[in-house]
Amino acid sequence: QVHVVESGGGLVQPGGSLRLSCLASGSIFSTYDMNWYRQVPGKQREWIALISYTGSTNYANSVKGRFTLVRDNAKNIMYLQMNSLKPEDTAVYYCNRAINPVPWGQGTQVTVSS
């Protein structure tokens, strides 16, 4: 069964940093563009970053310059480095394929608060 597992969230103060991980199983990762999303309760899931299977990246304006996405295709894993975190970054963060998404994981909670 193919799936993704997000991890690395937690509680951090404004201005702090976190690194999220997305581990993908099976053959769902290395030849696919991958996205990160986030969701706040009561709101739609929001796209925040994409990394192509070759490593090119694109970011939402809300995170551009603060978040960096990298991937290791050999290990079926990608990392979202989040710096200069703001309270408005508080959300559950998810990863998935950009096209033909697999079943969603449970996500990882990021809380930015003093």
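Me: Before anything else, what counts as a disulfide here?
Reply: A disulfide is a pair of cysteine sulfur atoms within 2.5 Å.

Me: OK, which cysteines does a disulfide join?
Reply: Cys 22 is joined to Cys 95, with an S to S distance of 2.1 Å. The structure holds 1 disulfide.

Me: What sort of model is this, and how are residues numbered?
Reply: This is a predicted model, in which local features need pLDDT of at least 70 and side-chain atom pairs count only at pLDDT 80 or more, while totals for chains, interfaces and linings use all residues. Residues are numbered from 1 along each chain as its sequence is written, and side-chain values use heavy atoms, with hydrogens and water left out.

Me: Back to the link of Cys 22 and Cys 95. Right-handed or left-handed?
Reply: The link of Cys 22 and Cys 95 is right-handed, with 80° about the S-S bond. The pair links distant parts of the chain, 73 residues apart: Cys 22 is in strand β3 (residues 18–24) and Cys 95 in strand β9 (residues 91–97).

Me: Is Cys 22 buried or exposed? And Cys 95, buried or exposed?
Reply: Cys 22 is buried, at a relative accessible area of 0%. Cys 95 is buried, with a relative accessible area of 0%. Buried means under 20% relative accessible area, exposed means over 50%, and partly exposed is in between (1.4 Å probe, protein chains only).

Me: How many helices and strands in the protein chain?
Reply: The protein chain has 0 helices and 10 strands. From the N terminus on, its elements run β-β-β-β-β-β-β-β-β-β. Helices (H or I, at least four residues) and strands (E, at least two) are DSSP runs, numbered from the N terminus.

Me: How does the radius of gyration sit against the globule rule?
Reply: The radius of gyration of the protein chain is 13 Å, close to the 13 Å that the globule rule gives for 114 residues, so the chain is as compact as a globular protein of that length. The radius is taken over C-alpha atoms, and the rule is 2.2 Å times the number of residues to the power 0.38. Along its principal axes the C-alpha trace spans about 40 × 25 × 20 Å.

Me: What share of the residues is buried?
Reply: Buried residues are 42% of the 114 in the protein chain.

Me: And the contacts, how many join residues at least 24 apart?
Reply: Among contacts between residues at least 6 apart in sequence, 52% join residues at least 24 apart. Contact means heavy atoms within 4.5 Å.

Me: Changing topic: where are the charges?
Reply: The mean positions of the 10 positive and 6 negative charges of the protein chain are 1 Å apart. Lys and Arg count as positive and Asp and Glu as negative, while His and the chain ends are not counted. The place of a charge is NZ of Lys, CZ of Arg, CG of Asp or CD of Glu.

Me: What about phi at Asn 76?
Reply: Asn 76 has a positive phi of about 55° although it is not a glycine. Most residues other than glycine have a negative phi. Asn 76 lies in the loop between β7 (67–72) and β8 (77–82), and counts as buried at 18% relative accessibility.

Me: And Ser 84, what is its phi?
Reply: Ser 84, not a glycine, has a positive phi of about 50°. Ser 84 is in the loop between β8 and β9 and is partly exposed, with a relative accessible area of 40%.

Me: What is Gly 15 in contact with, leaving aside neighbours within four places in sequence?
Reply: With those left aside, Gly 15 is in contact with Ser 84 and Leu 85. Gly 15 is found in the loop between β2 (10–12) and β3, and at 53% relative accessibility it counts as exposed.

Me: How far is Gly 15 from Lys 75?
Reply: Gly 15 and Lys 75 are 30 Å apart in space, C-alpha to C-alpha, and 60 residues apart in sequence.

Me: Where is Gly 55?
Reply: Gly 55 lies in the loop between β5 (46–51) and β6 and counts as partly exposed at 35% relative accessibility. Gly 55 and Asp 33 are 22 residues apart in sequence and 8.6 Å apart in space, C-alpha to C-alpha.

Me: Last one: Pro 41, buried or exposed?
Reply: Pro 41 counts as exposed, at 77% relative accessibility. Pro 41 is in the loop between β4 (34–39) and β5.
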